[in-house]
Every structure is written in structure tokens, then in C-alpha cells.
Amino acid sequence: SSGINAEYGDEEDPFILRDCPHVYFCGNQKRFETKLLEGEQGQKTLIVCVPRFFESHQVILVNLKDLSCFPVSFATLLSEGKTDLYHTTTPEEDSAEEDGEGDDLPDINVTPDADEMPDME
């Protein structure tokens, strides 16, 4: 079985962090946010608030070399109000799409939002 091995009476609590992590993720948050914290002994931890994907349509990329991070946005059919995700096309519709007609799918934006890139100084 997978998971945390925590039985009543264990000597060590698996939910207590003994070492300072470099990155700590907090998922299911309202918005993307980061904060770099420095401990008493000079250790640094990047706190990353990861927004709810269903609402934000964002994932967060973290560069582990310099702890920089930024959101990547995905336009989805659901965000455009399209709910018929399993629509099948006829051969006539397929040929019209090849001609550039009938193409109503949204473009996908996979570039970070420049105004949301954090200042990591």
C-alpha cells in the first residue's frame, strides 16, 4: 500500500518537517502567489500558492536552479463556454476544416502572463 505509514504509538510524527524544504507547495488556492522566506540559519524556502486549475486554467512552473517561478495559462473549451467536448465530425466537416472553414476552437496560450511573473529579489 502507498501512503504515509503512521500508526498510533509511532515514535516520530510523519507530518512534522524536520528539515527545511527548498520549495513548499500549497495547492487549491484562490490565486497564484509566491514568497521567499529565509530561516534563522540562512536556509531559504520558496512558498508557492498554486491556484485551483478548474477555475484558473493555470499550472505553475518552478526553476529549481534559481527558484524562479511563473504561471502558465491554458485556454480551454470549458472556459470558452463550449461543453460539447465529444463532438464527432463528418467527412464533409473534416474537409471544410482543412480548408480553414469551420475552425472555431480557441487558441491555446502557453506563455506566462508577464504581469504575473514574480519578483524574486
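Me: How many of the residues score at least 70 in pLDDT, and what does the protein chain average?
Reply: The protein chain averages a pLDDT of 74, and 53% of the residues score at least 70. pLDDT is the predictor's confidence in each residue, from 0 to 100. This is a predicted model, where local features need pLDDT of at least 70, side-chain atom pairs count only at pLDDT 80 or more, and totals for chains, interfaces and linings use all residues. Residues are numbered from 1 along each chain as its sequence is written, and side-chain values use heavy atoms, with hydrogens and water left out.

Me: Which elements have the lowest and the highest mean pLDDT?
Reply: Helix H2 (residues 91-98) has the lowest, at 56, and strand S1 (residues 23-29) has the highest, at 96. Also, the pLDDT is below 50 over residues 105-112. That stretch has 17 contacts in the model beyond near neighbours in sequence, a contact being heavy atoms within 4.5 Å.

Me: OK, what's the overall layout, then? How many helices and strands?
Reply: The protein chain has 2 helices and 5 strands, and along the sequence the pattern reads β-β-β-α-β-β-α. Helices (H or I, at least four residues) and strands (E, at least two) are DSSP runs, numbered from the N terminus.

Me: In what order do the 3 strands of the open sheet sit?
Reply: The order is S1-S3-S2, with mixed pairing. S1 and S2 are the edge strands, each pairing on one side only. From one strand to the next, the twist averages 15°; axes here are lines fitted to C-alpha atoms, for helices over the stretch in contact, and angles run from 0 to 180 degrees between N-to-C directions.

Me: Which way does S1 run against S3, parallel or antiparallel?
Reply: Parallel: 5 bridges join S1 to strand S3 (residues 44-51). Two strands pair if DSSP finds at least two bridges between them. Tyr24 has Ile47 in S3 as its bridge partner.

Me: And S2 with S3, how many bridges there?
Reply: Strand S2 (residues 33-38) pairs with S3 over 6 bridges, in the antiparallel sense. Leu36 stands opposite Leu46 in S3. The hairpin of S2 and S3 has 5 residues between the strands, and Gly42 takes a positive phi near 85° there.

Me: Switching to charges: how many salt bridges does the structure hold?
Reply: It holds 2 salt bridges, counting a side-chain nitrogen of Lys or Arg within 4 Å of a carboxyl oxygen of Asp or Glu. Arg31 and Glu33 meet in one of them, at 3.5 Å from N to O. Arg52 and Glu55 also form a salt bridge, with the closest N and O atoms 3.5 Å apart.

Me: Is Arg31 buried or exposed? And what about Glu33?
Reply: Arg31 counts as exposed because its relative accessibility is 53%. Glu33, at 40%, counts as partly exposed. The cut-offs are under 20% relative accessible area for buried, over 50% for exposed, and partly exposed in between (1.4 Å probe, protein chains only).

Me: And the other pair: is Arg52 partly exposed or buried, and where does Glu55 fall?
Reply: Arg52 has 27% relative accessibility, so it counts as partly exposed. Glu55 counts as exposed, at 55%.

Me: What about disulfides, how many are there?
Reply: The count comes to 0 disulfides, where a disulfide is a pair of cysteine sulfur atoms within 2.5 Å. Cys26 is in no disulfide, and the nearest cysteine sulfur, that of Cys49, is 5.1 Å away.

Me: Are those two cysteines buried or exposed?
Reply: Cys26 counts as partly exposed, at 23% relative accessibility. Cys49 counts as buried because its relative accessibility is 17%.

Me: How much of the protein chain is buried?
Reply: Of its 121 residues, 15% count as buried.

Me: Where does Leu67 lie?
Reply: Leu67 lies in the loop between strand S4 (58-62) and strand S5 (69-73). Leu67 is buried, with a relative accessible area of 14%. The C-alpha atoms of Leu67 and His22 are separated by 8.4 Å, while the two residues are 45 residues apart along the chain.

Me: Last one: what share of the contacts join residues at least 24 apart?
Reply: That is 39%, among contacts in the protein chain between residues at least 6 apart in sequence.
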